[in-house]
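Please open the model in a viewer and keep the selection panel at hand.

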Amino acid sequence: MKVQRTSRRIISALDPIYDTLEPLAYPMIRFIAGVMMIPHGYAKVFGGIEGTTKFFASVGLEPAFILAWYVGLLELVGGACVALGLLTRFMSAQLIGLLAVATFYIHLPSGFIWVKGGYEYPLFWMVVMMAITIKGG
């Protein structure tokens, strides 16, 4: 089956490779985006819940203990679900909320640049989760 393209490729000799790999592009992005959430949740759930609770309380996110568990489990389980394409829209929509808080409440005051504590990284992942929510599993 010939894939209909909306743009021309510079090296048309590579068209068969592009045509073969194109269906894998979105699943690859969805998988990696989900997998990237898992270590954050793992660190909270298995050893960092106290620190997360203290941090949430210090920035005014209450009830801090419940939110710490919710965020940790959402990153861990929700990330795995997004990666595997299970309950994708449900989990990615919740991750949008989590990442919106991280972007606009936690990191915005530090400016844009991520290495200076800015909102660049959570904003990027929030937009990726928005696209995943729209596209689905």
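Select Arg-9, Asp-15, Asp-19 and Glu-22: these residues are linked in a network of salt bridges, a salt bridge being a side-chain nitrogen of Lys or Arg within 4 Å of a carboxyl oxygen of Asp or Glu. The model is a predicted one, in which local features need pLDDT of at least 70 and side-chain atom pairs count only at pLDDT 80 or more, while totals for chains, interfaces and linings use all residues. Residues are numbered from 1 along each chain as its sequence is written, and side-chain values use heavy atoms, with hydrogens and water left out.

Begin with the pair Arg-9 and Asp-15, whose closest N and O atoms are 3.2 Å apart. Are these two residues buried or exposed? Asp-15 is buried, at 13% relative accessibility, and Arg-9 is partly exposed, at 21%; buried means under 20% relative accessible area, exposed over 50%, and partly exposed in between (1.4 Å probe, protein chains only).

Next, display the salt bridge from Arg-9 to Asp-19, with 3.1 Å between the closest N and O atoms. Because Arg-9 lies in the segment before α1 (15-58) and Asp-19 in helix α1, this pair ties together parts that are 10 residues apart in sequence. Helices (H or I, at least four residues) are DSSP runs, numbered from the N terminus. Glu-22 is partly exposed, at 40% relative accessibility. Over the whole structure, the search finds four salt bridges.

Now turn to the aromatic rings. There are six aromatic pairs, where rings of Phe, Tyr and Trp (its six-membered ring) pair if their centres lie within 6.5 Å; planes under 30 degrees apart count as stacked, over 60 as edge-to-face and the rest as tilted. Select Tyr-42 and Phe-46: the ring centres are 4.7 Å apart and the planes meet at 40°, so the pair is tilted. Both residues belong to helix α1, four residues apart, about one turn of the helix. Tyr-42 is partly exposed at 48%, whereas Phe-46 is exposed at 54%.

A cluster joined by ring pairs comes next: select Trp-114, Tyr-121, Phe-124 and Trp-125. Then select Lys-135, whose charged end sits over the ring of Tyr-26, 5.5 Å from the ring centre; the criterion is NZ of Lys or CZ of Arg within 6 Å of the ring centre and within 35 degrees of the ring normal.

Finally, select Arg-30 in helix α1. Which side chain of opposite charge is nearest to Arg-30? Glu-22 is, 16 Å away, and Arg-30 is buried yet has no salt bridge; Lys and Arg count as positive and Asp and Glu as negative, with His and the chain ends not counted.

How values were computed: Helices (H or I, at least four residues) and strands (E, at least two) are DSSP runs, numbered from the N terminus.
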